[in-house]
Every structure is written in structure tokens, then in C-alpha cells.
Amino acid sequence: MQLYYFMVKFLIERPIAVLMTYLSIVIIGVLAYLQLPVSLMPDIDIPIVTVQVSYPNSSARELQNSIVNPLRNQLLQVSHLNDIKTECRDGMAIILLHFKYGTNINYAFLEVNEKIDGSLNYLPKALERPKVIKASVTDIPVLDLSINLRKDSLSEKDFLQLSEFCENIIKRRIEQLPNVAMADISGCDQAELIILPNKNKLLSLNISYQDIELALLSNNIDIGSLQIKDGQYQYNIKFSSVLRSISDIENIYLKKDEHIFQLKDIAEIKIKAQAQKGIYMQSNKRAVVLQIIKQSDARMQNLKSELIELINLFESDYPDIEFNISRNQTALLDYSISNLKLTLLYGGILSFLIMFFFLKNIRSPILIGISISVSLIIAFIFFYLFGISINIISLSGLVLGIGMMIDNSIIVIDNINQYYERTALVSDSCIRGTNEIIRPLLSSVLTTCAVFLPLIFLSGISGAIFYDQAIAVSVGLFASYIVSITLIPTFYRLLYLKNRSLKIDKFIQKFNKIKLEFVYEKILNLVFKKKAITLIIFLSLVLLSVLFGFMLEKEKLPEIEQTEIILNIDWNENISIDENKIRVAKFLKTIDTLIQSSNSFIGEQQFLLNQKYDLSFSEASVYIKTNKQIDINNLKDSFEFFIKNKYPLTNYSFEKSENIFQKLFDNNNSKLELQIMSVNQNISPNIDTVNNIIKKINSDTKTNFKTNITTQTNKQISILSDKLLIYNLDYQTVYQTLKTLFRNNKIGTLKSYNKFIPIILSDHERHVSDIINNSDILNSKGEKIPLKSIISVQDKTDYKMIISGKQGEYIPIIPHANKIDYKKLIAATKESMSSYNEIQINFTGNYFHNKKMFQELFIVLLISILLLYFILAAQFESFSLPLIVLIEIPIDIFGSFFLLYLFGVSLNIMSAIGIVVMSGIIINDSILKIDTINKELLSRTLIDAILVGGKRRLKPILMTSITTIVALIPFFFTTGIGAELQRPFAISVIGGMIIGTIVSLFLIPVLFWFLKIIFKRFNR
């Protein structure tokens, strides 16, 4: 204690040195703040690696059996793999690898690539190497930039030119910005060169499709170059026979039956847009979209200003082109960060008003304001050192920390004030008041950190996310502690040295006549007269907290209000892209009054990173921004009515618009999913069996289970090998002819400078039945053979999408109901499925993840309580006194549960963390109170010590509790993802603080009295 005494004395006698030291620290802190990146959420690795497989013109079943299964078997051997899920569609597949959190995602990424390279020898030679993508929070696009022409109607040529302009100019200009990592593009038309032979001329001249193909291939050869030596000189001689323009192709010569023709004599040759596999619509108008991906270390504000400046330049340079921004994460960031800053400001202002009321002067609140400002600036230095960005998690940690920073300052100032009122010696009061409080205040800070720091050991993304909050609170508290015991006594001495009372102090004191100590003494005397009743009342709150704990709805994350939603549609019919577009446009027209804007992703998209848009021809994903939150419910009702009346076969789902927060927590997953699989796990159960199972489960469990997995009917063409022999045909000739008739026979590439345009040998567009029934093929003798005589056509039905996991293929079904008892539902479903011997079932979903998370939170709470006990035992040098403090925690939890129930808020990860945090905050008051009573007990009787100690700590307890509460109240009135995320946190903290303040003021003295009496009798 002598060391602390001389340290404080040394500091207050050297105010200029202290001032200059802190001024230097503030300058460093400001510089550190300016260097901190600003983002919506912390930049952490997401333990997911995605493998994208593309194999055009293959069915989902063919792709699953020949490519995905071999890849999956190899990838199952990757280290630290937690789960694997594959989704196969016609021509494409996605493999999602979920790793255990804590896995080095860079090493996992390399190992996945090694496994894929090792598998290529067993896969089809024509397969393009699968793409491997490492997930990151920075993969979420900062914004969508939609680009279209300012025309009411666009020709095919107009849009083809716009697509080329966007790819070659706009995309490259944006990617040149230093803070942009990538501009991912979709919705573009790609050019192709079509050779459309004149069938009558071909027949009269006895020219086949194969003759044209052979002529083109022989004229499109890149031979390379030779090096030759000519005396003392050396030359490179290049041979080129590469087609570079339409005229090159038109002038190709071919010879048939001693006659020479040019290709333009027997075919029409033109460049047109490729057949559309997918399109992008911006508010029912076709457009190109660029999704902007930021650099991981980019400051969002800098990126935003750069993009806006460049887009303004585009608009002035290209007035015929329209640029529209949607799904703007920078606006969300600005809105959330600004609201959190306002919350910080409003909380500070309300806290100062409370301090004016209690401290009866203006100098002490000003001193507290200085200490908080300095503490926050010091915290930013540690943000820089720990690599923490300014985001809604770290900022909310500071919002919470500001209340506790005020507490530290109040405790020191009030203790100095008490000495000053007794002695009127400023310097001596500063030294003694600060010296007395150093140890208990350190214990208070350590107990709070003991509650926060275990949160970082939560498994999964949750622990990584709340690392920022735990560090923010901890560094803020320790900075505040250092400032409180060094800067505050120094400045206090300077402000009060001349012992003058300011006019505003006298004005404040006129309105502060309430005798709090007198009221408190009366109530405390009453409590001691009814000690047994007091104990029964407070202990009954423990039972009520258990009751409310069961009554509260439990979920992983709080519900966040949004005016944005994603509508996923599968029309469940073999429709074209054009028909898909017409249906989407019809629906959007019916809800025109409800929405601000819409972006429709129809069919397959061209994004490299965003695999969510790997859609089939009959699928669409529509982003809709509504005017108000309530409009989303009206929109859902409108779509259900639209589908029911016009397209009843449609499968659809609504999900929240993706942002960084959604991606981190994967909050779009189902609460419960039942996976149905065959005993033979290599193949999915047939659709009839699945439908029968769903009907039986729905009947037995009285629940509405549904599946989004649909079937599709395809035409399967088989070439009859015996007919080939009869008609002198070979398989390759028939296959190439079929590809030509169906307008999909790529026979080369036009290398036009920086562009590579596919060359397609094509027939005129006709119906499938017309092609099969009215087409002929020339055999080796020049005879016309009817196509229908050498092929067979059958309709084949199979799943549109094939899903498999670690255990094999399965069909997912999901329960749909407002309120579900999942535990009973799982038991009833298992009983219902007991009669199916050839079917296996597996349960997964957020229900199990939430259960695991709350179990971990319970363990974290136990560890925090254990750490609190150790710290308090060391502080009080007693094994029994810490128990008084810890008994308070389950009583205070009732206040949190009750307020959550009152506001209709669920028990989620945020409210649960709020309870853990509240437990650490509220016991600080009890720690300081017990410490004061112990010191008074050295010179007073037990009752007198309790009464005097209670009165001495009355104002600090009220001030710390009320300032903490009012610092959190602005969360109820501000909006944005930051405020909505922290609102359940604030509710649970406020509820616990209200009960905890009453407990600290009245129950703790009673428990202290009981403990001392029991030990006194025991010692006898």
C-alpha cells in the first residue's frame, strides 16, 4: 500500500509531466485510429472451401456418378474436415467442405487442391479442372452495380455491344482501384459465329455436315514457328492458318466431286449472341451486373468514395449508359456505425446528466469526460496493436465499456470527495482517496475481464466474432483503470486546488436537495427487521429465473428487421429462359407498389465467386427491396396467391438478403432438417418412396414436412448400333449430326485478336419432334437415311438436383409450422420411420447447433464464476466472503430473463452473452461495498459498519448502475444492424442491473450480517 501511496503522491506533484505524457499518448492514439480499417464485421476466416465443377451437356446423375463421387471420396480424406455436402445439377456441381473452426484455412485450401489434382487421372479427359474457392467475409460483395442502356427496347446487337463494353472497359477500370480485389460480372451476352448451311444446296451437291467441319478444321490450324540460320543471321519463320474474321471463314474453299466451292456459297455465316443460359434483370429491364469485392484490408469509407467518384465519371463520359447501385453494404456500414456512434454519444450525455445530479458540481463530470475520452483513445492504440478493425462488434464493446469506464472514474472521484469533505485538504484527499481504492478497483476490473475473456473460447464463428468485443471491453477497462488512478487525481488537484465554488455548481446544488442517505438508512433498517422475509423474497427470484428460462424462446441469433429479401423460385417445369423471365416479370408487376427495386437472377449466372447463383433454366433468384418491413409479409402473401392460381407446381423459398452478418452465422439454415437416405447410400430413394414417407410422417406427427427437391423429365436419345451397321453409318457421324441439328456443334474458335469466339455449325431452329421425325443423314454412299430410323427416344424422370453428404446421397425434408416442439418431433419421427427397413434417417439443423452453443455458454458461465471466485478470494483473503457476491448472480439473472420475456425477445447468443457480461458488471458494486464494510468493521460494531459502509457506497452504486443503464438505453431507439444486434444484449444487461442494484444495496448487507453471525457462533 505504501508503494501505491508514494506513486500517487509522485504523480499529483508533477502535473505537467503527467499532462505531457498523456498528450503524447493521445497523439499516438489518434494516429492509430486513422490507420484502423473500418468494416461491418471483423475480418475472420470462414472455415469453408467450395469446389465448383462444370461439365456441360451432362445430366445430374451422370455428373454425380462419374465425377462428383470420385472427387468426394478423395476429399473425405482432407484433414480436419467436419462435414461435406455436394449438390449436383445438369452440367454443374458444387462441393462444400466445412472444416472445424481453428483449422488453418490456407493449408486446407492447398490440401483440397492437391486432392483434386490427384483425382484428375480418374476423371473424364474433357473435364475442365474444378475451381477451388476459399471462403472469406470479404467475398460478400460491397455492392451490386447494374449497367444498362437508356433505351426502352434493346436489340440483340445493342446488348452484345454493352456486354463487351462492360467486360473490357468498366470491369477493368473498377478493378484498377486500389481497394477493389475483384469485379465479378454476370448477365453478359457472349458472341458466337454461326455457320448455317443451306440444306437444299447440301443435298444437291452431296455435301455433308462433316465435309464442312473438315474444311473449317483444316483451315484453322496454328502450326507454330521454326528457327532457321542464314549465315550470320537467324530468323523465326511463322506458319499461320488461323481464322481471324468472318471473311476468312466465308472464303474457305472445299472440294466435292471435282467441284470447288467457297463456304459462303453454301452457308450463311454471321455473328450473334450465344443461346442464353441465364440473364440478369434490374427492375424488369435486362442489364449487366458487377459485384464489387473489396480488398481484405481496405477501409470501406475509402472504397466507397473511390467507387462513387468513378461511377460519376462513367455517367459523365457515357451518358447513354445507366448505372444503378443496389445491395449497398457501404450504406449499411455507414448506417450501423453512425448509429452506434450516436448511441455512444447519447449514452455519454445521459450519463453526464446523471452525474450532475449526484456529484452536485460540473467539475467532476468534466473530469470524468476527459478520462473517458483519453481511455477510448488509448483503446484505439491497442486496437491497432491487436489488429482489430472498427466494426459493429468492437464498437458495441466500447459502447458497453463506456458505462464501466464511467464507473471507474466515479468510484475514484467519489472516494476523493469523501476525504475532501472531511479534511478539506486537496492533495492529501487525492492521495488517500486514490490509494484506498486501487486494489478493490483492480479486483473489479479483473472480475469483469474474467467474465468477458472466456467468451473467446466459444467454438465456431461465435468465439471469433466476440473476440473483438472481449478485447474492446478489456483494453477499455484497463485503460480506464490506469487513467483513473493517475490522470484523475492529478487533474482533481488542479481543479480543486483553489477551493472555489463555481456559480453553476451552486445552481446545480439548489436542485439537489434529496437526502439519499436518509432514505437508504430507513429502508435498510426495515430490511434488517424483516431479514427472513427479505431472504425468502430474493431467493424465490432464483426459482422464478429457472421458470422464465424455460418459457423463453431459444434461437441462435436475434431477429434483425430488414426491408430486403431473396425469393428463390423453381417453377418445376421444363421451361425456357424467356418463359422464366416472363413469369418473374408478371409477379413483380403485381407487387409494384410494395417495392423500391428488384434484381432478378434468372437461370445460370456467370459469377466466379458466388455459387449461390448456379441456377438451372427453370430457376430464378429475385432480390427485392421493399418500402417498409411490413411490406415483406404482404409480398409473401402476394407470391403465394400468385403461385397458387397460376403455377401450382412451383417450389419456392424466402431467405434474408445476404450480408456479412448472415454469411458469418449462416442464419438461413433450417431449424431442423430430416435427411432420408437408402441403406445403399450410393443412390437416393426414388421419389415415390420419399412422397410416401412424407405422407406417413405428416400423418403420424401432425406436422407439415416438405421437400424442395424436385424431379425433371428429360428426353433420352439412344443411337441404335445395329441400325448403324445396316445403313453404313458410324456413331461419330450420327452424334455430330445430332449436335448440329440441335444447334450445339462447336467445330472451332475464331481467334479475333483479344477475343475468342466459338464457331458453331448449326441448323435452323425447329421443335424437337420436327428434328427427330423430319431430318435425314447422309451415309458413306451418299444415301439419305431418316434420322428416326437409327435412334430411339424415351422420356426419363430423375431428380433435378442430387444432394449427398458424408454418409452418401439423401433427400432433405423440412418441417413447416409456427411453433414446433423439436424434441418431441424428433422422437415421433423416429418412431414413424421404424417400419422402413431399407431407409435410414439423419437429423441436422440449427436446433442442434443452438443446443450445443447454449451448452458452451453454460460452461463459459461456470468458468467465469470460478475465475470470479479465485479473484475475490485473493482480494478478500477469505474463502467465504466471495460466496456472498456469487449468490447474487442467479438472483440478478431473474431480472434479465423477466425483461427479455416482457419485451418478447428470445434467449439467443446476444442476450445470453449479455447475461454473462451483466454478472461481471453488477458484482463490482458488491465487491466495493464488502471491501468498505470490512474496513469500517475494524473500528465499528457489525451493524454500524454495515450501515456506514452502505451509506458510503450508496452514491457510487447508484451512479455506476444508472450510468451503465442509461448508456445502453439508446439501443432501444436507434436502428441498423449494429443496434438490433446489441438490443437483446442491452435488455438482458439492464434487467440484471436493475435487480442487481437492489441486491447490492439491501441483500448483500443482510447476507454479510448472516455470514458474520454464523462464523461468530461457529468460532465459539
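Trainee: Is Ile16 buried or exposed?

Mentor: Burial is judged by relative accessible area: under 20% is buried, over 50% is exposed, and values in between are partly exposed, with a 1.4 Å probe and protein chains only. Ile16 has a relative accessible area of 63%, so Ile16 is exposed. Please keep in mind that this is a predicted model, in which local features need pLDDT of at least 70, side-chain atom pairs count only at pLDDT 80 or more, and totals for chains, interfaces and linings use all residues. Residues are numbered from 1 along each chain as its sequence is written, and side-chain values use heavy atoms, with hydrogens and water left out.

Trainee: How many salt bridges does the structure hold?

Mentor: Side chains of opposite charge can pair when their charged atoms come close. The criterion is a side-chain nitrogen of Lys or Arg within 4 Å of a carboxyl oxygen of Asp or Glu. The structure holds 21 salt bridges. In one of them, Glu809 and Arg61 have their closest N and O atoms 2.8 Å apart. This pair links distant parts of the chain, 748 residues apart: Glu809 is in strand β30 (residues 808–816) and Arg61 in helix α3 (residues 60–75). Both Glu809 and Arg61 are buried.

Trainee: Why are Lys935 and Asp931 separated by about one helical turn?

Mentor: These two residues form a salt bridge, with the closest N and O atoms 3.3 Å apart. Lys935 and Asp931 are separated by about one helical turn because they are four residues apart in helix α29, residues 909–937. Lys935 counts as partly exposed at 33% relative accessibility, whereas Asp931 counts as buried at 12%.

Trainee: Which residues are linked in a network of salt bridges?

Mentor: The network comprises Glu436, Glu936, Arg940 and Arg952.

Trainee: How many aromatic pairs are counted, and how are the rings of Phe601 and Phe607 placed?

Mentor: A pair of aromatic rings is described by the distance of the centres and the angle of the planes. Rings of Phe, Tyr and Trp (its six-membered ring) pair if their centres lie within 6.5 Å; planes under 30 degrees apart count as stacked, over 60 as edge-to-face and the rest as tilted. The count by this rule is 24 aromatic pairs. The planes of Phe601 and Phe607 stand at 55° with centres 6.1 Å apart, so this pair is tilted. By contrast, Phe639 and Phe654 are edge-to-face, at 6.1 Å centre to centre and 85° between the planes. Phe639 in helix α20 (residues 630–646) and Phe654 in strand β20 (residues 651–656) are 15 residues apart. Phe639 is buried at 0%, while Phe654 counts as partly exposed at 22% relative accessibility.

Methods
Helix = DSSP H or I, 4+ residues; strand = E, 2+ residues; numbered from the N terminus.
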